[in-house]
Structures are given as C-alpha cells and as structure tokens.
Amino acid sequence: MPDEKKEVIDCLRQTNFFKPKKIYDRGKVIIGIIILFAFLTLPLFYNMGMGKAGNVPEPKIDTPVIQKLPEKERVCVEPKRYMRENHMKLLDNWRDQVVRFGNRSYKGYTKKYTISLQNTCLKCHSNYDNFCDKCHRYTQTKPYCWSCHVDKPKEWAGKELEGEK
Amino acid sequence: MDISRREFLRIAGASTIVGVLGGWAAVELLAPGKLEEKYLLKPGALTAKRWAMVVDTKKMDEVTANRCIEACHRIHNVPDIADPKHEIKWIWLEPFENAFPDQQQEYVAEYLKEESFILLCNQCDNPPCVRVCPTKATWKREDGIVMMDQHRCIGCRFCMAACPYGSRSFNWMDSRPFIKERNPEYPTREKGVVEKCDFCAERLDEGLMPACVEVSNGALIFGDLADFKSEVRKILRTRYSIRRKPHLGTNPQVYYIV
C-alpha cells in the first residue's frame, strides 16, 4: 500500500500539482474581490450609519394616564427590562390563562393586576404610534392584536394596516 | 439483635438527615410552580360545577327578550348585520315551531304557537361542536361552559355544521362598521372566525351574572346545576321544563319552562 501511495504522490509532483498557481490579472481580481465585499456588506454599513436600523427606537411612556401617576408608581407589571424582552411571552401566557382557565388576576412584582390587554395594558399605553408600533416597525414584526383588542380602529389598527400594506 | 448505644445514635442521626432532605425535596417538588403562583382567579369570581340556565317563558315576554338581546349584543360588540346570510347572533328569538321542532303535536296550545322563544347556545354537556373542532378552539370548560378561543379559530366552520341549534355565527366580513356602539372593554372579532354565546364567562370571572340574566327581571335563571340548593335546581324541581332537541344526545343545559 505505501508504495502505491508514493507512486501517486510522485505522479502529482510531476504534473506540478503542488506548485503554487499564478493568478492571472492579479490586480483586477483583487480589486474585484474588494468591490464585491464592499457591495455585500453595504446594507450593514448603510443601516449602521443612516438607515432605519440606525435609529434605535425609544418607545415613549408619556401618555396622560402614566403622567398622572406619582413617580413611584410608574412601573409596569414586571420590571422594564423583562417587559422589553418578554412582553410577547407574557401576553401569550395572559391569553392562555384567561381564555383557558379563567385566571384573570396577575401577581405583578409590585401589586396585582387584572389580566387584560385592552383594559390594563392599553389603558396606560394609549400611544400606539410611539409605543407599540415604534419597535414593531423597527423589528419588522406585525402582531395583529389590534384588529380585535382596541376600541379606536381608525386611529390604531387602521393606521397600521394601511401603512403596512 | 442487640445494638449498641453508639450504633443506635448513628442510625437515628442518619435517618433524620435523610428525612429532612427528602421532606424538603418533596415540598419543593409539590409546591405550585412559578406560573401557577402568578395567575389567580379574581376574588369573588363565580364558580360552579355545572352552569345552566332556565328560561321562564311565562315571564319572558317580547319586551324582556329584546332587552336581553340588546344587552348581550351591546356588551359583546355583536354587529347588527341585517342580511340573514351574514348575520351574527349570540341570543335571538325564534317561533315555537323552529325552536322545538320535536314538540310538534298536531294540536299545540295556542299561546305556544304565537310565542317567540329566546334562544342561545345550549352549552351542551356533550357538545358536538367540540368534537369536530380541529384546533381545539372550542372546548368544554370544567364548569360546563362551552368556550371559544378566537385566537385559535381557523374559521373552518365544522362547529357550525355540527351544532344542531344554529347557535354559532361566522364572521363573513369585518364586523366593526356594523357595531353601533362599541364597548371598549370587550374585544371585537375578526373576519374569518366563529363566535357564540359563552354564558358571559368574562362576567362570571368578575363575579357578575350573565348580562341577559341581569336585565331579565327573573325570566332567566342562572345557577349551578350540581348544587341541590341552587335556584335553577329549585325551579326545575317544581316546574315542568323542556329542552331543545334532547333526543340528539347533546344534553343541552338551557331549560325552558312552558
């Protein structure tokens, strides 16, 4: 076996298999590669600098209801960080607990809340454009909660639906 | 076999440690999980083993019936669509022959013939709609209410075909333009889902009676059928009642006193 291997390697050596190849039109090719790379990463740089993704959204919490609350009570059902990352999971659990088990009371981290998107969440966060929609647009998510769960279709769902289509 | 004092103490000590650790582990394992801990029934929520309704047709005149219908449809954002092909109804009126087609004796008392009967979802104990639902969007709760989860409904309308009472309506179009006065506390429904009466599950959870019962002046009686002392049982004990198409085996839980 080793002899056969040696033969093959010798054969390859004779046909210049192991010699480094020469790049024809080296300059042009390298420039081409650079241009290709720049082209492929353009969206990333574009968004970093000036595009939509560059403007990290800051949802506003300056609605009248929240403003009326004393400074100490301006908290959501869970800490801000948790809500930012997990509000969708929380809402999903809320939905299942209410519809499936009739559990309509939620022990938040400061007090108890009535579980309701319409009657609890949206009572405080009544600024759809500057709150919900701000991040949803940024992350290209299109939840359809509003098509049922809000009382101002024109100002809320209507705007979103028209805007997205 | 004799054991020495030292041996005894060692065994006793070891078993104490095992017992404490095991007990602690059991408490940890059996304690309510994080999820159960956070979600609770509202204090004062009405609960039962088997909710049921009795309609006292002697008291239920047309004015009362319309008041019930109006209250229900206003609270639940039920659209008022005139076209019978697209109409949506949770609670409605029907003449005797349509409400009780299996009670058609050749000579029926005239007062029955002329009367309109108030109909709603019968919250069957053996609900055919639940059997056919492919997504479990409709199911029977432990307290007997046949519930709808609009989030899961795919609009296949199998349940409508299965229901022998016509209690279910399909949203053929956007209902919002047809709602006269929106109740901001209750959601509307989207195009493409089925809806029906659910014995006001959302009001029971708040400790309130169903909307129609509240405005019926005693013509509708609501209560726990499993409770011997409940008002529904009292009435069913003393007065003769009929149900809609009981021979189908759905075991409807809305009783009509005629």
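What pattern does chain A follow when it is read along the sequence? The pattern is α-α-α-α-β-β-α-α-α, in a predicted model in which local features need pLDDT of at least 70 and side-chain atom pairs count only at pLDDT 80 or more, whereas totals for chains, interfaces and linings use all residues. Residues are numbered from 1 along each chain as its sequence is written, and chains are lettered from A, with ligands numbered from 1, in the order in which they are written.

**View 1. Overview of chain A and its 7 helices and 2 strands.** Helices (H or I, at least four residues) and strands (E, at least two) are DSSP runs, numbered from the N terminus. Of the 165 residues of chain A, 13% count as buried; a residue is buried if 20 or more other C-beta atoms lie within 10 Å of its own, exposed if 12 or fewer, and partly exposed in between, with C-beta atoms placed from the backbone. Among the contacts in chain A with a separation of 6 or more, 49% are between residues 24 or more positions apart, a contact being two residues whose C-beta atoms, placed from the backbone, lie within 7 Å.

**View 2. The two domains of chain B.** Chain B is divided into domain 1, residues 5-38, and domain 2, residues 51-257, with bounds that come from an automatic or database domain assignment. Taken over C-alpha atoms, the centres of domain 1 and domain 2 of chain B are separated by 52 Å.

**View 3. The contact between chain A and chain B.** The contact takes 17 residues from chain A and 20 residues from chain B. On the side of chain B that touches chain A, the elements giving two or more residues are helix 2 (34-38), strand 1 (39-40) and helix 8 (201-205) of chain B, and helix 2 gives the most, with 3 residues. By class, this side of chain B has 10 charged, 7 nonpolar and 3 polar residues, where Ala, Val, Leu, Ile, Met, Phe, Trp, Tyr, Cys and Pro count as nonpolar, Asp, Glu, Lys and Arg as charged, and the others, Gly among them, as polar.

**View 4. An open sheet of 3 strands with the order 2(A)-1(A)-1(B) and antiparallel pairing.** Two strands pair if DSSP finds at least two bridges between them. The edge strands, each pairing on one side only, are strand 2 (112-114) of chain A and strand 1 of chain B. Strand 1 of chain A (residues 105-107) is joined to strand 1 of chain B by 2 bridges; Tyr106(A) stands opposite Tyr39(B), and the bridge partner of Ser105(A) is Leu40(B).

**View 5. Strand 2 of chain B and its pairing with strand 9 of chain B.** In strand 2 of chain B, 5 of its 6 residues are buried. The strand pairs in the antiparallel sense with strand 9 (residues 220-224) of chain B over 5 bridges, where Ala52(B) has Gly223(B) as its bridge partner. With strand 11 (residues 254-257) of chain B, strand 2 of chain B pairs in the parallel sense over 4 bridges, and Asp56(B) has Ile257(B) as its bridge partner.

**View 6. The largest nonpolar core, of 52 residues.** A nonpolar core is a set of buried Ala, Val, Leu, Ile, Met, Phe, Trp, Tyr and Cys residues joined through C-beta atoms within 7 Å. Those touching the most other members are Met53(B), Val55(B), Cys68(B), Ile91(B), Ile118(B) and Leu220(B), while strand 2 (residues 51-56) of chain B supplies the largest share of this core, 5 residues. Apart from this core lies another, of 7 residues, including Cys76(A), Val77(A), Val98(A) and Tyr106(A).
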